[in-house]
Amino acid sequence: MKKIMLMTGILSSILLVKCGPKMNESSKRSGKSVDLTNVDPMPFAESITADELKEMLYVYASDEFEGRNTGEPGQKKAAEYLKDFYVSQDIPAALDSTYFQTVPESFFRAGSGIKASENVVAYIKGSTKPEEYIVVSAHLDHVGVREDGEVFNGADDDGSGTVGVLEIAEAFNKAVEAGYRPQRSIVFLHVTGEEKGLYGSRYYAENPIFPIANTVADLNIDMIGRVDDAHADNENYIYLIGSDKLSTELDSISTAVNNKYMNIDLDYTYNDENDPNRFYYRSDHYNFAKQGVPIIFYFNGVHADYHKVSDTPDKINYPMLAKRAQLVFLTAWELANRKDRIVVDKTP
């Protein structure tokens with residue numbers, strides 16, 4: 001997450017998420033069109049595991065990636081790592097010939113010295129509503145190397161969100177392989193330049209690969225691998241920010257999905273309009289919200305290692321990281337497969 005200077009009812013909610021039978025072998029083998037509102041997504045969500053997240057994060061947040069500073073060699077290595085993952089999963093690039101959406105040097109602040117960089121974008125095409133899009137996003141960059149050579153590994157910020165998106169993509173791909181392609185398209189968006197001022201997400205929002213008008217929601221993940229001091233006695237939580245800002249329905253769906261599947265404590269402390277931290281304005285979802293796209297920002301809160309070289313992968317709570325990523329997957333699944341697109345009933 002960039003620093004600040006850079007810058008209803010339970011019953012009705014439960015009714016929004018349909019109960020349905022679990023998938024079975026006959027439905028997997030059938031060539032018939034499947035109504036995914038009646039498919040249990042938990043087998044796919046459970047493919048998101050602590051062990052796989054840990055394995056990836058120990059690579060992504062290693063010294064080899066040199067702190068993933070925007071436009072620098074370490075960030076280029078990170079982008080290649082993400083591309084290679086999608087290639088290995090046979091998940092297509094969002095652009096015709098490349099996974100990289102170039103953010104030109106001229107887009108960054110004049111005199112900043114920031115070099116050209118790239119967003120990494122993959123997607124799974126929807127079956128019945130392919131021209132409507134659910135975006136799952138996280139920023140791929142961090143703040144580089146300290147003057148004394150110590151690397152800012154950024155394991156939580158935002159290595160945790162990045163590997164979470166990869167596991168979510170793999171879970172959707174497993175569903176496709178089982179015969180359950182999502183009805184709406186799912187876009188996996190890894191943005192650059194967040195630490196410099198939300199540049200990569202702003203570039204995408206202003207130069208979208210897929211039309212912003214057809215973008216149903218952005219589920220943005222920025223730091224979901226740690227437990228903050230406020231929850232030292234209860235790690236089963238996640239801060240939700242922005243879920244009710246543009247769409248009352250999105251907030252209700254989010255609550256209903258969590259109540260049905262995960263039972264994580266949803267903490268709305270930082271969603272308060274008067275909260276001095278102003279986190280709603282400080283991560284990549286905000287560039288979608290400014291365009292009128294409903295968003296949810298998933299966040300574990302700050303901790304003592306925030307923006308320090310001590311933000312390392314050994315300090316990540318991997319079981320909780322997996323559980324939070326499963327929640328994002330299940331929310332995206334519901335948004336992708338419900339009959340009607342969610343309604344925007346508030347203004348940015």
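1. A residue is called buried here when its relative accessible area is under 20%, exposed when over 50%, and partly exposed in between (1.4 Å probe, protein chains only). By that rule Arg338, at 11% relative accessibility, counts as buried.

2. Basis of the values. This is a predicted model, in which local features need pLDDT of at least 70 and side-chain atom pairs count only at pLDDT 80 or more, while totals for chains, interfaces and linings use all residues. Residues are numbered from 1 along each chain as its sequence is written, and side-chain values use heavy atoms, with hydrogens and water left out.

3. Overall dimensions. The C-alpha trace spans about 60 × 45 × 40 Å along its principal axes. The chain contains 11 helices and 8 strands, where helices (H or I, at least four residues) and strands (E, at least two) are DSSP runs numbered from the N terminus.

4. Of the 348 residues, 58% are buried.

5. Helix 9. This helix covers residues 248–262, and its 15 residues should span 21 Å at 1.5 Å a residue; the end C-alpha atoms are 21 Å apart, which agrees. The expected span is 1.5 Å times one less than the number of residues. Buried residues in helix 9 include Leu250, Ile253, Val257 and Met262, and also the polar Asp251 and Asn258. Asn263 follows helix 9 and has a positive phi, near 55°.

6. The structure holds 14 salt bridges, each defined as a side-chain nitrogen of Lys or Arg within 4 Å of a carboxyl oxygen of Asp or Glu. Glu80, Lys83 and Asp84 are linked in a network of such bridges. The closest N and O atoms are 3.0 Å apart for Glu80 with Lys83 and 3.9 Å apart for Asp84 with Lys83. Glu80 and Lys83 both lie in helix 5 (residues 73–89), 3 residues apart, or about one turn of the helix. An α-helix has 3.6 residues a turn, so residues three or four places apart point the same way. Glu80 is partly exposed at 33%, as are Lys83 at 23% and Asp84 at 43%.

7. Glu249 forms a salt bridge with Arg338, with the closest N and O atoms 3.6 Å apart. Glu249 lies in helix 9 and Arg338 in the segment after helix 11 (318–337), so the pair ties together parts that are 89 residues apart in sequence. Glu249 is partly exposed, with a relative accessible area of 21%, whereas Arg338 is buried.

8. Glu167. This residue is found in helix 6 (residues 155–177). Glu167 is buried, with a relative accessible area of 1%. The C-alpha atoms of Glu167 and Gln326 are separated by 8.9 Å, although the two residues are 159 residues apart along the chain.
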